[in-house]
Amino acid sequence: MNHPCACQTTLPSTPPPAELAAILERFPSQKREYLIPILQVTQEKFKFLSRDAMIHIAQHVGVPVSKVYGVATFYNQFKLNPPGKHTIQVCRGTACHVRGSDQLLRSFESELGVAPGQTTKDGLFTLDIVACLGSCSIAPVVTVDGTFHGRLENKDAGKLVAEIRKGEGQ
Ligand code: FES
C-alpha cells in the first residue's frame, strides 16, 4: 500500500491550495484542540488526507507533522489514500457478526484481493468495515456506495462485485 507518511517532512514554504486554505481559515490557528475537527472537514472535502494536506494542517495548528500523522492513523475514520470509485462497507456489528459477517467479509476480501481499508490496484473498489449500520433486522448487511444490501450469503459477494464490474464495462 502506498505509504504517505509525512512524519519526517519539513513544513512547507508554499501556501496551501485554495480549497484547503478555505478550510483552515474557518479554524483559529495555533490551537491544537482543532486538529481533529480540521482533519474531519478536510477528509469530508477531499475524501482522504493527503501528505501535503497533513503538512499544511500541522503548520496551521502548530504541531509537528508527526503528531498529525499519528492522529490520522490512530482513528479508523481517517483515510490516507484516495478511495476507490466504489466503496463496499461490510457491517461488523453484533447482529451481523452473529449472522456470518466474518465469512462474508472474507468472501469480499478474496473476491477483491484486498483487506479492509485497502483499495484495489485498478482503483475501482475500496473495502471497509463499519460498526452497526442500523439495519440489524436484515443482517448481515453491506453497503455499496451507500446503498444497503441485506440478508446476504457468502456467494452474494461475488455477485455484487461482478455486477459493479459489469456496470464499468469489465
Ligand atoms: S449489526 Fe449490522 S446492521 Fe446492525
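Tutor: Let us start with a proline: Pro-140 is found in the loop between strand E2 (125-130) and strand E3 (142-144). Helices (H or I, at least four residues) and strands (E, at least two) are DSSP runs, numbered from the N terminus. Residues are numbered from 1 along each chain as its sequence is written. This is a predicted model, in which local features need pLDDT of at least 70 and side-chain atom pairs count only at pLDDT 80 or more, while totals for chains, interfaces and linings use all residues.

Student: What kind of peptide bond joins Ala-139 and Pro-140?

Tutor: In general, most residues other than glycine have a negative phi, and most peptide bonds are trans. Here the bond between Ala-139 and Pro-140 is cis, with omega at about -5 degrees.

Student: Which value does phi of Lys-47 take, and where does Lys-47 lie?

Tutor: Lys-47 is not a glycine, yet its phi is positive, near 75 degrees. This residue lies in the loop between H2 and H3. Lys-47 counts as partly exposed because it has 13 C-beta neighbours inside 10 Å. The cut-offs behind that term are these: a residue is buried if 20 or more other C-beta atoms lie within 10 Å of its own, exposed if 12 or fewer, and partly exposed in between, with C-beta atoms placed from the backbone.
Asp-145 is another non-glycine residue with a positive phi, of about 50 degrees. Asp-145 sits in the loop between E3 and strand E4 (147-149). With 10 other C-beta atoms within 10 Å, Asp-145 is exposed.

Student: How many of the 170 residues count as buried, and which touch the most other members of the largest nonpolar core?

Tutor: In soluble globular proteins, nonpolar side chains tend to be buried together. In this protein, 26% of the 170 residues count as buried. A nonpolar core is a set of buried Ala, Val, Leu, Ile, Met, Phe, Trp, Tyr and Cys residues joined through C-beta atoms within 7 Å. The largest core has 17 residues, of which Ile-38, Met-54, Ile-57, Val-68 and Ala-72 touch the most other members. Helix H1 (18-25), helix H2 (35-46), helix H3 (51-61) and helix H4 (65-74) each supply at least two residues of this core. H3 provides the largest share, 5 residues. A second, separate core of 16 residues includes Leu-105, Ala-139, Leu-152 and Ala-157.

Student: Which residues in H1 are buried, and which exposed residues does the face turned away carry?

Tutor: Leu-20, Ile-23 and Leu-24 of H1 are buried. They lie on the same side of H1 because they cover an arc of only 95 degrees around the axis, the arc being that of the directions from the helix axis to the C-beta atoms. The face of H1 turned away from this side carries the exposed residues Ala-18, Glu-19, Ala-21, Ala-22 and Glu-25. The buried residues of H1 pack against H2 and H3, where a contact requires C-beta atoms, placed from the backbone, within 7 Å.

Student: At what angle do H2 and H4 pack?

Tutor: Axes are lines fitted to C-alpha atoms, for helices over the stretch in contact, and angles run from 0 to 180 degrees between N-to-C directions. H2 and H4 pack at an angle of about 65 degrees, and their axes are 11 Å apart. The contact involves Leu-35, Ile-36 and Leu-39 of H2 together with Val-68, Val-71 and Ala-72 of H4.

Student: Where is Pro-16 found, and which residues does Pro-16 touch?

Tutor: Pro-16 is found in the segment before H1. Leaving out residues up to four places away in sequence, Pro-16 touches Ala-21, Leu-24 and His-56. With 19 other C-beta atoms within 10 Å, Pro-16 is partly exposed. The C-alpha atoms of Pro-16 and Asp-52 are separated by 8.3 Å, although these residues are 36 residues apart along the chain.

Technical notes
Two residues are in contact if their C-beta atoms, placed from the backbone, lie within 7 Å.
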